[in-house]
Amino acid sequence: MSLGDHLEELRLRLIYSILVVSVFMIATLYFGSEIHSILIQPYKSVLGPDAHFFQIQLMAPFLIYLKTSFILSVLVSLPFLLYILWGFVAPAVDRRTEKWGKFIILFSTLLFWSGLALCWFTVFENFLRVFLVVLRPDGVDPYLPIDEYYDLFFNLHLVFGASFQLPIVLILLGRIGILSSRFLISRWREAVLIIAVVSAVLSPGPDVFSMLMLLVPLSFLFFLSAIVMKVLETTDRK
């Protein structure tokens with residue numbers, strides 16, 4: 001294929017990606033009120049069912065609907081988007097690499113969603129409780145501006161989702177020869193220490209619970225990565 005053909009193929013795949021996201025955006029915008037009711041449940045669980053938000057900027061609610069719709073659409077359509085873009089790369093690699101690419105797309109998506117689920121079910125509500133209840137001085141109104149709440153919501157969830165990509169990074173570094181399972185296992189103490197420091201920096205609250213909610217799964221994923229790399233290295237030697 002000529003350079004022009006490659007560019008045309010890339011253009012078509014970008015159009016397909018935009019169409020996929022657009023379809024999900026239409027659905028999320030249509031159910032915007034229901035989605036909003038779900039996403040603010042942690043806030044109401046901490047402050048009570050009568051908890052409300054402040055609107056500081058005139059267009060804040062409208063922009064939040066658009067932002068929420070776009071982010072959720074990208075997250076839901078993530079495997080489709082990665083598969084569409086991988087189809088552009090696949091013809092340039094061998095058959096074995098193509099199969100591994102599809103597996104990595106699936107594995108990466110599941111890990112990302114697992115990080116989001118961990119933050120949603122265990123971390124985010126605890127984070128709100130620490131700052132809105134435990135550390136709040138007397139006489140201070142605990143209610144948040146609506147845009148600040150959604151910024152916190154998406155930032156924290158995306159941090160957890162991105163952190164759960166650790167196995168993908170380690171395994172890819174192993175496949176290109178930069179890391180080995182022996183090195184990871186021999187340096188596991190230093191690795192856990194680094195993970196603990198990163199967890200303390202990225203964890204949403206100053207409490208130990210928030211840090212452990214990131215430290216424990218990331219440590220598990222580190223050792224899982226070492227095991228997978230060991231299996232792959234053994235397979236390569238056969």
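Modeller: Glu125 and Arg129 join their side chains in a salt bridge, with 3.2 Å from N to O. The term stands for a side-chain nitrogen of Lys or Arg within 4 Å of a carboxyl oxygen of Asp or Glu. About one helical turn separates Glu125 from Arg129, because the two are four residues apart in helix H6 (residues 95–134). Helices here are DSSP runs of H or I with at least four residues, strands are runs of E with at least two, and the numbering starts at the N terminus. Glu125 is partly exposed at 27% relative accessibility, and Arg129 is partly exposed at 32%. The cut-offs are under 20% relative accessible area for buried and over 50% for exposed, with partly exposed in between (1.4 Å probe, protein chains only).

A word on the source: this is a predicted model, in which local features need pLDDT of at least 70 and side-chain atom pairs count only at pLDDT 80 or more, while totals for chains, interfaces and linings use all residues. Residues are numbered from 1 along each chain as its sequence is written, and side-chain values use heavy atoms, with hydrogens and water left out.

The search of the whole structure gives three salt bridges. One of them pairs Asp151 with Lys67, where the closest N and O atoms are 2.7 Å apart. This pair ties together parts that are 84 residues apart in sequence, because Asp151 lies in helix H7 (residues 146–163) and Lys67 in helix H4 (residues 60–76). Asp151 has a relative accessible area of 34% and is partly exposed; Lys67, at 36%, is partly exposed too.

Arg187 and Glu190 also form a salt bridge, with 3.5 Å between the closest N and O atoms. Arg187 is partly exposed at a relative accessible area of 43%, and Glu190 is partly exposed at 38%.

Now the charges as a whole. The chain carries 17 positive and 17 negative side chains, and the centres of these two sets are 15 Å apart. Lys and Arg are counted as positive and Asp and Glu as negative, without His or the chain ends. Each charge is placed at NZ of Lys, CZ of Arg, CG of Asp or CD of Glu.

Of its 238 residues, 37% count as buried. The exposed surface comes to about 14,200 Å², and carbon and sulfur atoms supply 72% of that area. Such areas come from the Shrake-Rupley method with a 1.4 Å probe, and for residues only the protein chains shown count as cover.

The UniProt record, an unreviewed entry, places "transmembrane region" features at several stretches, including residues 103–123 and 211–232. UniProt positions follow the numbering used here, feature names are shortened, and annotations may be inferred rather than shown by experiment. In the model, residues 103–123 are 100% helix and 0% strand, with their end C-alpha atoms 29 Å apart. Residues 211–232 are likewise 100% helix and 0% strand, and there the end C-alpha atoms are 31 Å apart.

Helix H6, which holds Glu125 and Arg129, also contains Leu110. Leu110 is partly exposed, with a relative accessible area of 45%. Its C-alpha is 9.3 Å from that of Phe164, although Leu110 and Phe164 are 54 residues apart in sequence.

Helix H11 (residues 208–237) contains Ser219, which is buried at a relative accessible area of 12%. Apart from neighbours within four places in sequence, Ser219 is in contact with Val192 and Ile195, where contact means heavy atoms within 4.5 Å. Thr234 is in helix H11 as well and, at 31% relative accessibility, is partly exposed. From Thr234 to Phe103 the C-alpha distance is 19 Å, across 131 residues of sequence.

Helix H8 (residues 166–175) has Pro167, Ile168, Leu170, Ile171 and Gly174 as its buried residues.
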